[in-house]
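Keep the viewer open while you read.

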Amino acid sequence: AKRELPDNDLIGELGVSLFRNIAGFLIGSLIGVAFATFLALSRPADALITPTFNGLKQISLLAWIPLISIWFGFGEQAKIVFVAIAAFIPVVLNTYEGMHSAPRDLLEVGRALRFTPRQRVTRILLPAALPSIATGVHLGLIYSWLATVGAEYFLAVGRGVGGLIIAGRERFDMALVMVGVIILGLVGFAFNRLAAVAEAHLLRWRVNEH
């Protein structure tokens, strides 16, 4: 059945996609930082989990759609999970790399002062990994927007910019399709610029602090 777009509510469709994107991005990023921190703190977990994770990250994101559909269905929850996975991977990779690049002298000081795991994270690992985390979040924001469109296009059709493009395709309405494509491009560009400015400001603040 063809999808109807009530009153060509472009703002409403964009709002649905943005909410879906932000929800998935925040979930994936927060879990990603926590997961990478866990690997950095636990050598056994690092040895057991990291090789498997490095293998799984090679799988195309679209290949997860059948599993996500089985586990979460085809509705809103599945779309948010798909977006969260897209953000999760780059955040984990960059946070993990940043924490493993923490200066050895600081780690030795932490051991000498008998820092608790929480103190090691808040006073050494997270500050040292901040530039890498910023890069991971930047990439996660871009990938999550691409995943938002993919989720709307490949999972069950519903509201959102992806659904808008599908509606235009089904009606053979190229103008509607082009409007959807332009919206995707503009939002993606805006996210990239926003993330770049925030990353530069954060890193400049960190340099000034030192």
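Where is the place of Ile182? You'll find Ile182 in helix 8, which covers residues 174–209. Helices here are DSSP runs of H or I with at least four residues, strands are runs of E with at least two, and both are numbered from the N terminus. A word on ground rules: this is a predicted model, so local features need pLDDT of at least 70 and side-chain atom pairs count only at pLDDT 80 or more, while totals for chains, interfaces and linings use all residues. Residues are numbered from 1 along each chain as its sequence is written, and side-chain values use heavy atoms, with hydrogens and water left out.

Ile182 counts as partly exposed because its relative accessibility is 48%. The cut-offs are under 20% relative accessible area for buried, over 50% for exposed, and partly exposed in between, using a 1.4 Å probe and protein chains only. Ile182 also belongs to a nonpolar surface patch of about 500 Å², together with Met174, Met178, Val181 and Leu186. Patch members have over 30% relative accessible area and no salt bridge; nonpolar side chains (Val, Leu, Ile, Met, Phe, Trp, Tyr) are joined within 5 Å, and like charges within 9 Å. The areas themselves come from the Shrake-Rupley method with a 1.4 Å probe, and for residues only the protein chains shown count as cover.

## The overall fold

Zoom out and you have eight helices and zero strands, so to speak an α-α-α-α-α-α-α-α pattern along the sequence. Taken along the principal axes, the C-alpha atoms fill a box of roughly 70 × 40 × 20 Å. Of the 210 residues, 42% are buried.

Helix 7 (residues 161–170) is largely enclosed by the rest of the structure, because eight of its 10 residues are buried. Those buried residues are Val161, Gly162, Gly163, Leu164, Ile165, Ile166, Ala167 and Gly168. Just after helix 7, look for Phe172, which has a positive phi of about 55°.

## One salt bridge

How many salt bridges does a search of the whole structure find? The search finds one, taking a salt bridge as a side-chain nitrogen of Lys or Arg within 4 Å of a carboxyl oxygen of Asp or Glu. The partners are Glu76 and Arg20, at 2.8 Å from N to O. This pair links distant parts of the chain, with Glu76 in helix 4 and Arg20 in helix 1, 56 residues apart.

The two ends sit in their own surroundings. Arg20 counts as buried because its relative accessibility is 2%, while Glu76 counts as partly exposed because its value is 33%.

The largest pocket holds about 350 Å³ of space. It has 15 lining residues, and the closest to its centre are Ala40, Arg43, His100, Leu107 and Arg111. Helix 1 (10–41), helix 2 (43–56), helix 4 (76–100), helix 5 and helix 6 each supply at least two lining residues, with the largest share, four residues, coming from helix 5. By class, this lining has seven nonpolar, two polar and six charged residues.

For the terms: on a 1 Å grid over the protein atoms alone, a cavity is a set of points where a 1.4 Å probe fits but cannot get out, and a pocket is an open set with protein on both sides within 12 Å along at least five of seven lines; lining residues have an atom within 4 Å of a point. Points are joined across faces, edges and corners, and a volume is the space filled by probe spheres set on them. Ala, Val, Leu, Ile, Met, Phe, Trp, Tyr, Cys and Pro count as nonpolar, Asp, Glu, Lys and Arg as charged, and the others, Gly among them, as polar.

## The second largest pocket

About 250 Å³ of space lies in the second largest pocket. Its lining divides into 10 nonpolar residues, one polar and one charged, including Phe25, His138 and Glu199. Helix 6 gives the largest share, six residues.

Val137 and Ala195 are also in this lining. Their C-alpha atoms are separated by 8.0 Å, though the two are 58 residues apart along the chain. Ala195, in helix 8, is buried because its relative accessible area is 11%.
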